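I start with the wording I needed before looking at any ring.

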Amino acid sequence: MRPEDSLPEILAHAWSLLVRGGADRKSPVHTPVIASVDADGLPHARVMVLRKADPAAATLRLHTDARSPKVTQLSGKPVAVLAYHPVEQVQLRIAGTARVLNDDEVVNGFWDQSTPFARRCYLAEHPPGTPLPGPTSGLPAWIEGQQPTLEQIAPARANFATLWIEVTAIDWLHLANSGHRRAVFRSTNDWAGEWVAP
Ligand SMILES: Cc1cc2nc3c(=O)[nH]c(=O)nc-3n(C[C@H](O)[C@H](O)[C@H](O)COP(=O)(O)O)c2cc1C
C-alpha cells in the first residue's frame, strides 16, 4: 500500500499542508484562492493570505478589509478555498462556512500582532473596488512610502477584519504517474473520508 492509499494519512497530510501554508510564507498554500458568490449569484475568486490553519478546530483564519465586497458575500455564507502545491502535486479544494469578525478582543490581538506596514493597508481612504480617478494606492498621501506610527495607524483598526472559515469538507487530489488518487473528507461523516474518481 502506498502512503497515499491511507485515508487517515491523507487527511493528516492535507491539514499539514494547510498548517504549513499558514506558517510559511514560501509555501504555495500560503496564498490560496478564496471563492464566494454575490447577491446576484455571480462567482468571485481572489487570492488571500492564509494566516493560520487549526486542524483541531477545523478552521482557517485570514485577514481582510471590513469594507471589501467579499465581506458581505462571505459573512455566514458558504465559501470555497482552492490551493495547489506543485511540489507535492496536491490540489486541495475546501468547502466551509465563513464568519467575519472585526470588533472583539481576539481581533484586537491579531491587529496588534501584525506589522505597521501590514496595518497601513487598512488606512486606505476608499473601500476596495471603489473607482479611482487615476493610478493610486488609495492610501492617504501623507503615508505613502512611510512606515506609520502606532498613533497614525490606530484609526485604521476599524477597517480590519478577520475571516474565519469553518471547514466542512476537504477534497484532496494527488497527481502521480503511478496513478492519481482523490479522496473527499466531510465533517458530516466525522472526517472518515471516501475515495472518489480523480
Ligand atoms: C498575493 C496576494 C495576497 C493577498 N492577500 C490578501 C489578504 O490577505 N486579504 C485580502 O483581503 N486581500 C488580499 N489580496 C487582495 C485580494 O486578492 C483582492 O484583490 C482584494 O481583497 C479585494 O477583493 P474583493 O473585491 O473580492 O473583496 C491579496 C492579493 C494577492 C495577489
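I call a residue buried when its relative accessible area is under 20%, exposed when it is over 50%, and partly exposed in between (1.4 Å probe, protein chains only). I keep in mind that this is a predicted model, in which local features need pLDDT of at least 70 and side-chain atom pairs count only at pLDDT 80 or more, while totals for chains, interfaces and linings use all residues. Residues are numbered from 1 along each chain as its sequence is written, and side-chain values use heavy atoms, with hydrogens and water left out.

Entry 1, aromatic pairs. I counted rings of Phe, Tyr and Trp (its six-membered ring) as a pair if their centres lie within 6.5 Å, calling planes under 30 degrees apart stacked, over 60 edge-to-face and the rest tilted. By this rule I found 4 aromatic pairs. One of them is the tilted pair of Phe110 and Trp164, at 6.0 Å centre to centre with 50° between the planes. Phe110 belongs to helix α3 (residues 105–113) and Trp164 to strand β7 (residues 160–174), so this pair ties together parts that are 54 residues apart in sequence. Helices (H or I, at least four residues) and strands (E, at least two) are DSSP runs, numbered from the N terminus. I noted that Phe110 and Trp164 are both buried.

I then looked up Trp111 and Phe160, which form a tilted pair with 5.2 Å between centres and 50° between planes. Since Trp111 lies in helix α3 and Phe160 in strand β7, the pair ties together parts that are 49 residues apart in sequence.

A charge sits over a ring if NZ of Lys or CZ of Arg is within 6 Å of the ring centre and within 35 degrees of the ring normal. The charged end of Arg61 sits over the ring of Phe110, 3.6 Å from its centre, and that of Arg119 sits over the ring of Trp111, 5.6 Å from its centre.

Which residues are around the ligand? I listed Arg46, Val47, Met48, Val49, Arg51, His63, Thr64, Ser68, Pro69 and Lys70, each with a heavy atom within 4 Å of the ligand. I also noted that β2 (43–47), β4 (59–65) and α2 (69–74) each supply at least two residues of this shell.
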